[in-house]
Amino acid sequence: MRDVYFISGLMGSGKSTVADYIRYKNHEVIKMDDFAKSFMEENAECKIELVRSFGKNVLDDMGQIDKDYIREVYFQPDLATTREMFEVQLDNMLYRKLLQKINDKSFGHTPLFLEVPAFDKDRFMRFASLFYDSLRHIFWVFCNEDLRRERLIKRGMSVEQIELRDSIQSKEIPVLESFQNKVNFISNNGTEEDLFNATNKALSSYLTFETAPVGTKKDYAMIMIRDMSHSVLDKFFCNGIKTTFGCAACPYPCENYTDQK
């Protein structure tokens with residue numbers, strides 16, 4: 001089973017940028033918003049649940065999802081209960097689909113990163129619980145509230161749209177107690193370079209040489225060496241020379257040399 005990592009945070013916090021950085025390092029990253037939209041368009045069972053929840057107008061004459069209609073009704077406050085019931089079904093279907101990737105042995109030990117929206121507390125906890133056996137860490141991206149809203153307005157969102165979407169997001173990381181030790185907070189209050197460095201630091205804290213994607217193992221090996229203390233580093237090279245060439249080839253013979261002949 002592959003390890004799963006969540007990348008999450010409020011809309012406008014910078015989680016997509018963090019996901020892009022991680023994808024740039026050749027890791028597999030799935031944006032759950034896009035994954036869910038594609039799944040709903042292709043899966044017949046999901047379309048049935050959509051019609052059952054939001055009515056037949058959710059599909060057009062060709063049997064495809066009417067995206068304009070969905071955008072109009074999905075986040076309406078009076079449909080909150082209906083939306084919650086549908087999302088319970090949707091999340092379970094998405095999990096079953098993702099489980100195929102998690103259990104695919106051809107990926108070896110390489111992790112799977114999921115960019116997960118900051119759902120409301122109940123949904124986030126429920127969704128995280130589905131991945132309980134494979135979820136290793138949650139990277140929670142955050143920033144100053146004024147800065148976050150400024151970014152969203154620059155995207156073209158109105159204050160009303162921001163408030164509507166914020167009403168169904170949890171302002172704080174809504175995880176079960178069993179996940180609290182798995183959360184790594186990444187601040188996005190600085191520059192893009194600051195965010196990139198914070199992301200790299202978070203990755204190097206949890207990922208190992210074994211889990212590094214093909215083509216990046218050298219980078220992870222250098223991180224491992226960089227983080228070693230001098231005493232550990234000396235033993236690392238000593239053992240390498242001893243097992244590969246023998247102590248006689250060592251340019252820096254130590255006091256144990258006679259015992260190692």
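## The loop at Asn 26

In this predicted model, Asn 26 lies in the loop that joins α1 (15-24) to β2 (28-31). Its phi angle is near 75°, a positive value in a residue other than glycine. With a relative accessibility of 48%, Asn 26 counts as partly exposed.

## Salt bridges within helices

Side chains of opposite charge can pair when their charged atoms come close. The whole structure holds 16 salt bridges.

In helix α4 (residues 67-73), Arg 71 and Asp 68 are 3 residues apart, about one turn of the helix. Their side chains form a salt bridge with an N to O distance of 2.5 Å. Arg 71 is exposed at 56% relative accessibility, and Asp 68 is exposed at 54%.

Helix α7 (residues 145-154) contains Glu 150 and Lys 154, 4 residues apart, about one turn of the helix. A salt bridge joins these side chains at 3.4 Å, N to O. Glu 150 is partly exposed at 41%, whereas Lys 154 is exposed at 68%.

## A link between helices and a network

Arg 96 forms a salt bridge with Glu 45, with the closest N and O atoms 3.9 Å apart. This pair links distant parts of the chain: Arg 96 belongs to helix α5 (residues 80-102) and Glu 45 to helix α3 (residues 44-54), 51 residues apart. Arg 96 is partly exposed at 45% relative accessibility, and Glu 45 is partly exposed at 44%.

A network of salt bridges connects Arg 83, Glu 87, Asp 91, Arg 123 and Arg 126.

## Helix α9

Helix α9 (residues 192-206) has 15 residues and spans 22 Å from its first C-alpha to its last, close to the expected 21 Å. Its buried residues are Leu 195, Thr 199, Ala 202, Leu 203 and Ser 204.

Definitions and conventions. Residues numbered from 1 in each chain as written. Predicted model: local features only at pLDDT ≥ 70, side-chain atom pairs only at ≥ 80, totals over all residues. Heavy atoms only, no water. Helix = DSSP H or I, 4+ residues; strand = E, 2+ residues; numbered from the N terminus. Expected span 1.5 Å × (residues − 1). Buried < 20%, exposed > 50% of the residue type's maximum accessible area, 1.4 Å probe, protein only. Salt bridge = Lys/Arg side-chain N within 4 Å of Asp/Glu carboxyl O.
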